[in-house]
There are 2 protein chains.
Amino acid sequence: MTVSRVLRNRGDVSQATRERVLEAAKDLGYVPNKIAGALASQRVNLVAVIIPSLSNMVFPEVMTGINEVLDETSLQPVVGVTNYNPEREEKVLYEMLSWRPSGVIIAGLEHSDAAKAMLKAAGIPVVEIMDTDGLAIDACVGISHRRAGRKMANAILKAGYRNIGFLGTKMPLDHRARKRFEGFTEALAKEGVEIVDREFYEGGSALAKGREMTEAMLKRTPEIDFLYYSNDMIGAGGLLYCLDQGIKVPGQVGLAGFNGVELLDGLPRQLATMDACRIEIGRAAAQIIANRSTEKGDSGGGERIELTPKIQPGDTLRRR
Amino acid sequence: MTVSRVLRNRGDVSQATRERVLEAAKDLGYVPNKIAGALASQRVNLVAVIIPSLSNMVFPEVMTGINEVLDETSLQPVVGVTNYNPEREEKVLYEMLSWRPSGVIIAGLEHSDAAKAMLKAAGIPVVEIMDTDGLAIDACVGISHRRAGRKMANAILKAGYRNIGFLGTKMPLDHRARKRFEGFTEALAKEGVEIVDREFYEGGSALAKGREMTEAMLKRTPEIDFLYYSNDMIGAGGLLYCLDQGIKVPGQVGLAGFNGVELLDGLPRQLATMDACRIEIGRAAAQIIANRSTEKGDSGGGERIELTPKIQPGDTLRRR
DNA sequence: TGCGCTCATGTTAGCGATAAAGTCATTCTT
DNA sequence: AAGAATGACTTTATCGCTAACATGAGCGCA
């Protein structure tokens with residue numbers, strides 16, 4: 001018991017004993033068993049973070065935000081990856097919940113019924129991130145992708161473009177990309193404009209795919225004067241293609257992507273894009289969990305934070 | 001006890017009871033408490049994976065390899081990030097070991113004394129990955145970065161370049177980059193060649209930094225005919241800069257990077273690079289842990305797998 | 001009828017920590 | 001100087017499971 005108190009820095013141990021314990025622990029290479037500790041104290045300093053992928057830059061950046069905040073606390077993130085697969089999500093969630101974490105941060109608002117039931121029944125803070133278009137189980141931090149799509153559509157129309165093509169991922173399960181697309185077409189429709197052409201890809205290097213798709217679309221539909229990409233990586237590929245081909249950007253063809261990835265800073269031209277506030281989302285989500293895990297009186301929960309992405313017009317969204 | 005048996009699929013339960021249990025569990029939304037289970041059985045299905053960073057593509061790819069293999073088993077990876085900081089590594093390791101995982105996969109061979117002591121004392125399989133230039137604690141999977149540097153140096157010399165500049169990260173703690181650099185200069189020295197200029201960066205967008213550093217170096221040392229970059233991202237920035245400036249690549253200036261990131265496929269020219277075998281490393285490491293966790297008779301351990309990276313000459317390493 | 005055997009289920013005793021209450025010298029109070 | 005208060009430990013019970021053993025019904029076979 002005294003050892004336990006020393007190692008957790010709880011009061012009521014004399015300086016002398018504290019030192020003796022610490023030294024003995026070091027000599028023995030003693031590492032406390034958190035499993036036993038957690039079982040006894042009914043407290044686990046883990047936060048489950050469930051995200052679809054690590055292989056585009058967006059979720060690692062969210063993780064950065066989460067880490068920033070949790071580093072100040074005794075909480076530790078544990079990452080699970082779903083690959084945009086609802087069954088995997090369910091499994092990963094079950095697995096993580098069975099470790100009784102102090103909170104869950106999970107990407108998206110769309111989950112299987114079973115997953116939703118688990119989250120509700122878990123009795124811990126749940127923060128759904130990235131998206132605010134829909135009903136949250138508990139708290140929620142993100143941006144409205146529908147609104148983001150609309151905003152970009154309006155900016156494009158205002159710049160004078162009318163023959164607009166869309167290029168994106170062939171991922172029925174990427175709900176956020178879908179919502180952006182819906183918002184985009186909706187805002188165009190309001191002005192009587194319809195997408196002229198569209199193209200979807202799957203797998204492979206996004207940059208290369210952006211190149212290929214852009215070539216295909218411009219050949220197929222030469223009258224196109226604007227290309228809206230569902231992410232910056234394919235947008236960058238398209239931009240490089242246009243520059244290669246001597247296509248005037250943004251005079252002849254305008255371009256825009258989505259996300260504001262750091263990569264873009266190094267391109268010959270700045271691609272128009274929209275910041276998805278990823279670090280802030282991570283920070284805010286972690287903050288909600290951290291707050292609730294210290295508060296004694298249950299604060300009710302249900303926080304809802306909608307951030308507003310800003311258009312960064314760069315050099316590719318300007319009718320000259 | 002019967003419930004426990006049903007949920008873990010251990011024999012000796014009648015079909016009828018099994019179904020009744022499963023149904024009751026579902027009704028109640030019962031999620032077993034792994035903490036208690038682990039404490040009782042002294043078995044934990046977690047594998048600690050400790051890596052320096054998530055924000056360049058290299059570690060996510062290693063994770064992909066690890067996941068591929070562990071998905072076939074009942075093991076689950078748990079990721080910890082150190083930001084190339086030895087103290088953080090120590091802390092993360094301590095935290096993870098206190099959950100008594102079934103194995104540890106950790107990047108690099110350089111760790112603090114305390115970290116090494118913990119790893120040795122943990123009594124579980126430890127696989128150090130990415131690097132084979134040094135002494136492993138237990139098993140080890142990776143490539144020799146020193147050899148990789150030498151190999152690239154020789155390829156560059158063979159192609160006829162002599163005025164070689166080096167551009168890399170200012171990271172005294174990125175031991176692998178350092179070893180590559182050492183191998184590189186060593187092989188050059190053997191042929192009586194010395195690096196003409198060098199430049200290091202810190203933080204910021206690697207692509208943009210590659211651009212800036214390349215510009216700075218070519219202005220400062222115009223006689224340079226080859227640029228060796230410590231990673232593909234800055235190499236890509238340099239390549240874009242050269243193309244922008246109308247510098248003939250690879251005639252006037254040759255370029256090479258390191259890593260073989262997927263991104264490169266979309267560039268106007270293929271940057272010469274070297275594949276670091278990241279997915280294979282992940283797979284092999286996970287396989288070692290998986291094997292050892294099923295074997296009863298201790299297999300001794302100490303596996304050592306050195307993979308051989310291959311030069312991909314691309315379009316930027318060819319004297320015309 | 002009784003012995004051994006199998007199969008399904010039940011009991012008991014931990015796993016290694018912590019919460020909460022208990023002990024027992026000291027030190028303070030008035 | 002007696003009682004209260006404090007400080008520094010100790011003891012005991014418990015967290016929710018699982019290993020290992022115990023039980024006991026049902027069956028075959030001599």
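Predicted model: local features only at pLDDT ≥ 70, side-chain atom pairs only at ≥ 80, totals over all residues.
Close-up 1. In the side chain of Arg5(B), an N or O atom lies 3.5 Å from a base oxygen of DNA strand C. A polar contact is a pair of N or O atoms within 3.5 Å; within protein, one must be able to donate a hydrogen and the other to accept it, and residues adjacent in sequence count only if both atoms are side-chain atoms. Phosphate oxygens of DNA strand C are approached by polar side-chain atoms of Tyr30(A), at 2.7 Å, and of Arg43(A), at 3.0 Å.

**Close-up 2. Elements at the surface near DNA strand C.** Two or more residues each come from helix H3 (34-41) of chain A and from helices H1 (2-7) and H3 (34-41) of chain B. H3(A) gives the most, with 5 residues. Helices (H or I, at least four residues) are DSSP runs, numbered from the N terminus.

**Close-up 3. Residues around DNA strand C.** Sugar or phosphate accounts for 68% of the atoms of DNA strand C within 4 Å of the protein, and bases for the rest.

Local features need pLDDT of at least 70, and side-chain atom pairs count only at pLDDT 80 or more, whereas totals for chains, interfaces and linings use all residues. Residues are numbered from 1 along each chain as its sequence is written, chains are lettered from A in the order in which they are written, and side-chain values use heavy atoms, with hydrogens and water left out.

Conventions:
Near = heavy atom within 4 Å.
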